[in-house]
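Student: I would like to learn how to read pockets and helix packing in a structure. Could we go through one together?

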Amino acid sequence: MINLENLRGRLIVSCQAYPGEPMRDPHTMAQVAQSVVIGGAAAVRVQGLADIEQTREAVEVPVIGLWKDGHDGVFITPTLRHALACAKAGAHVVALDGTRRHRPDALTLKQTIDGLREESDALVMADCGSLNDALAAVAAGADIIGTTLAGYTGEREKTAGPDLALLEQLSAANLGRPVIAEGRISTPDQARQAMQAGAFAVVVGTAITHPASITGWFVSAVEAS
């Protein structure tokens with residue numbers, strides 16, 4: 001089991017590519033993970049069983065693994081079956097939908113976490129969308145709270161950058177769990193703001209590991225001038 005204190009005040013990088021993209025290949029994502037670790041990432045977050053397996057072999061930092069199945073509603077490691085598969089693939093931390101929404105297998109979040117604990121020593125990161133989600137996830141036994149789904153569940157307005165107000169709420173709530181900022185963090189200054197708002201650590205994905213999006217930002221700026 002990993003020591004979460006080693007992630008305090010550190011950067012975690014999400015290494016993911018979308019279906020149909022040239023980089024949507026487990027070996028490529030493992031290489032991307034190796035590259036961000038060289039740059040100082042304290043952990044990586046990857047999607048898909050093959051990506052988890054290959055990244056686990058490629059890096060020595062903690063691997064946060066998830067399995068996206070679908071596009072709407074609860075689709076981030078949506079069932080106990082998905083969670084167990086991520087743990088079996090080698091994830092040190094299994095990231096899953098940590099909202100209060102109905103899960104496809106009709107299990108509660110607590111039942112999902114309990115079922116995972118019976119078969120694995122992997123930690124659980126609950127991707128939440130609100131303070132109430134986070135409180136429920138803590139009660140269900142989650143080890144880590146993430147702001148990944150803030151602005152995507154209908155409970156909170158989708159902010160242009162990270163939801164700093166939610167981070168402040170979570171920090172003030174004294175959840176007794178690390179709160180990791182994730183979602184729409186596109187610049188070093190936004191990462192700094194997230195830490196100042198009370199984050200334990202910060203996850204950055206698109207701005208580091210998604211060339212198509214980054215290129216598009218620059219193209220828009222150049223063409224606008």
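Predicted model: local features only at pLDDT ≥ 70, side-chain atom pairs only at ≥ 80, totals over all residues.

Student: How does one find empty space in a protein?

Tutor: Rolling a probe the size of a water molecule over the atoms shows where empty space is left. Here the largest pocket holds about 850 Å³ of space.

Student: Which residues lie closest to the centre of the largest pocket?

Tutor: Gln16, Tyr18, Lys68, Glu182 and Thr206 do, out of 31 lining residues.

Student: Which helices and strands supply at least two residues each to the lining of the largest pocket?

Tutor: Strand 2 (43–47), strand 8 (201–204) and helix 8 (206–209). The largest share, three residues, comes from helix 8.

Student: How do the lining residues of the largest pocket divide by class?

Tutor: The lining has 13 nonpolar, twelve polar and six charged residues.

Student: How much space lies in the second largest pocket, and which residues are closest to its centre?

Tutor: The second largest pocket has about 170 Å³ of space. Its lining consists of 13 residues, and Ser171, Arg177, Pro178, Val179 and Gly198 are the closest to the centre. By class, this lining has six nonpolar, four polar and three charged residues.

Student: Now the helices. At what angle do helix 1 and helix 2 pack?

Tutor: Helix 1 (residues 26–38) and helix 2 (residues 49–58) pack at about 40°, and their axes are 8 Å apart. Angles under 35 degrees count as roughly parallel and those from 65 to 115 as roughly perpendicular, so helix 1 and helix 2 are oblique to each other. Their crossing is right-handed.

Student: Which residues make the contact between helix 1 and helix 2?

Tutor: Helix 1 contributes Pro26, His27, Met29, Ala30, Ala33 and Gln34, while helix 2 contributes Ala50, Asp51, Gln54, Thr55 and Ala58. Six of these contact residues are nonpolar, four are polar and one is charged.

Student: How far apart are the axes of helix 3 and helix 4?

Tutor: The axes of helix 3 (residues 80–89) and helix 4 (residues 109–119) are 9 Å apart, and the packing angle is about 35°. This crossing is right-handed.

Student: Which residues meet where helix 3 packs on helix 4?

Tutor: From helix 3 come Leu80, Ala83, Leu84 and Ala87, which meet Thr112, Gly115, Leu116 and Glu119 of helix 4. Sorted by class, the contact has five nonpolar, two polar and one charged residues.

Conventions:
Residues numbered from 1 in each chain as written. Heavy atoms only, no water. Axes fitted to C-alpha atoms, helices over the stretch in contact; angles between N-to-C directions. Helix = DSSP H or I, 4+ residues; strand = E, 2+ residues; numbered from the N terminus. Left-handed = near helix turned anticlockwise from the far one by under 90°. Contact = heavy atoms within 4.5 Å. Nonpolar A, V, L, I, M, F, W, Y, C, P; charged D, E, K, R; others polar. 1 Å grid on protein atoms, 1.4 Å probe; cavity = no way out; pocket = protein on both sides within 12 Å on 5 of 7 lines; lining within 4 Å. Points joined across faces, edges and corners; volume = space filled by probe spheres on them. Parallel < 35°, antiparallel > 145°, perpendicular 65-115°, else oblique.
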